[in-house]
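Trainee: I would like to learn how to read helix packing and sheets in a model. Can we go through one together?

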Amino acid sequence: MAQDNFSQVTEFILLGLSDTQELQLLFFTFFLLAYAMVLLGNLLIIVTVRTDPKLSSPMYFLLCNLSFIDICYTSVTMPRVLVALLSGHKAIAFEGCMAQLFFLHFVGSSEMFLLTVMAFDRYTAICRPLHYTAIMARRACWALVAACWVGGFIHSIVQTVLMLQLPFCGPNVIHSYFCDVPPVVRLACTDTTLTEWLMASNSGLISLGCFLVLVASYTLILAKVRAHVSQGHWKALSTCASHVMAVTLLFMPCIFTYLRPAGTLPTSKYVCVIYTIFSPVMNPLIYTLRSSEMKESMWRLWKR
């Protein structure tokens with residue numbers, strides 16, 4: 001990158017969550033355990049779905065893709081965070097910071113789109129069961145998953161291009177443990193009001209729009225369940241309730257973080273822990289423990 005044209009800053013300093021040595025050791029243990037749970041839990045889901053022919057429905061196909069996305073999402077930030085906590089080296093190159101920002105938004109927005117598709121899948125299965133096979137055919141599922149990745153790529157490209165247009169010539173200390181739009185854009189040596197509003201309308205509206213679609217789909221499912229009370233429908237309601245908890249854990253912190261210009265309110269780095277750590281850890285638990293088919297398949301896989 002031509003530093004004369006764009007930036008005099010060659011690296012950023014990530015302060016992390018704490019400077020206290022004892023707390024850094026505690027955070028390292030927490031992050032290591034969380035990352036291990038994400039990797040092992042989601043890999044187990046992928047292997048189970050891929051090896052059991054009984055788990056061939058669209059729901060498990062989408063769940064398998066969600067597990068892959070969660071692995072990618074946490075791998076964008078966690079390995080570097082663990083190395084920084086262990087070694088104390090907090091510097092990250094300018095190019096590495098922009099790359100981390102790009103992949104974080106690429107995978108993160110793809111996950112939001114995929115969760116929306118999964119809610120549509122549940123709505124179709126419960127509210128339109130006679131048309132479910134035709135609507136959620138395997139080719140349609142592949143097309144929807146591909147659309148999620150394409151949408152995430154377009155979103156991330158826009159964010160990254162907006163960031164690369166900004167000059168960084170002074171402060172280089174990021175008050176977070178990873179590179180993200182709000183803390184990085186505050187370091188630019190220019191008026192970023194327009195850029196901040198553009199980024200808020202991009203990331204924030206995507207988060208809010210997907211969340212509203214999810215709420216609408218689960219509301220329709222709830223109305224369907226109340227109109228046709230049966231054991232199967234109550235089971236569907238219980239499953240949907242756990243899914244709502246999972247998406248709320250992801251979307252609400254993202255809406256709080258991105259649906260406003262970066263300079264209006266300080267973004268708590270501890271809020272970021274919710275959607276970068278807790279949400280990927282909870283997804284395997286929420287989306288598998290509520291499924292008796294998945295638990296039985298995992299038990300058969302374990303006995304082999």
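Mentor: Start with a helix pair. Helix α1 (residues 21-51) packs with helix α10 (residues 292-303) at an angle of about 90 degrees, and their axes lie 10 Å apart. That makes α1 roughly perpendicular to α10. This is a predicted model, where local features need pLDDT of at least 70, side-chain atom pairs count only at pLDDT 80 or more, and totals for chains, interfaces and linings use all residues. Residues are numbered from 1 along each chain as its sequence is written, and side-chain values use heavy atoms, with hydrogens and water left out.

Trainee: How are helices, axes and angle words defined?

Mentor: Helices (H or I, at least four residues) and strands (E, at least two) are DSSP runs, numbered from the N terminus. Axes are lines fitted to C-alpha atoms, for helices over the stretch in contact, and angles run from 0 to 180 degrees between N-to-C directions. Under 35 degrees counts as roughly parallel, over 145 as roughly antiparallel, 65 to 115 as roughly perpendicular, and the rest as oblique.

Trainee: Which residues in α1 meet α10?

Mentor: Contact means heavy atoms within 4.5 Å. From α1 come Leu44, Ile45, Val47, Thr48, Val49 and Thr51; they meet Met294, Ser297, Met298 and Leu301 in α10. By class, this contact of α1 with α10 has seven nonpolar, three polar and no charged residues. Ala, Val, Leu, Ile, Met, Phe, Trp, Tyr, Cys and Pro count as nonpolar, Asp, Glu, Lys and Arg as charged, and the others, Gly among them, as polar.

Trainee: At what angle do α1 and α2 pack?

Mentor: The angle is about 155 degrees, with the axes of α1 and α2 9 Å apart. The two helices are therefore roughly antiparallel to each other. α1 passes α2 in a left-handed crossing. A crossing is left-handed if the near helix is turned anticlockwise from the far one by less than a right angle, and right-handed if clockwise. The contact of α1 with α2 divides into 22 nonpolar, five polar and two charged residues.

Trainee: Is the crossing of α2 and α5 left-handed or right-handed?

Mentor: α2 and α5 cross in a right-handed way. Helix α2 (residues 58-87) packs with helix α5 (residues 138-164) at about 25 degrees, axes 10 Å apart. That makes α2 roughly parallel to α5.

Trainee: How do I read a sheet?

Mentor: Strands of a sheet pair through backbone hydrogen bonds, either parallel or antiparallel. Two strands pair here if DSSP finds at least two bridges between them. Three strands form an open sheet, ordered β2-β1-β3, with mixed pairing. β2 (91-93) and β3 (173-174) are the edge strands, each pairing on one side only. Strand β1 (residues 11-14) runs antiparallel to β2, joined by three bridges.

Trainee: Which residue in β2 is the bridge partner of Phe12?

Mentor: Ile92. Helix α3 (residues 94-127) packs on the sheet and touches β1, β2 and β3; its direction makes about 85 degrees with that of β2.
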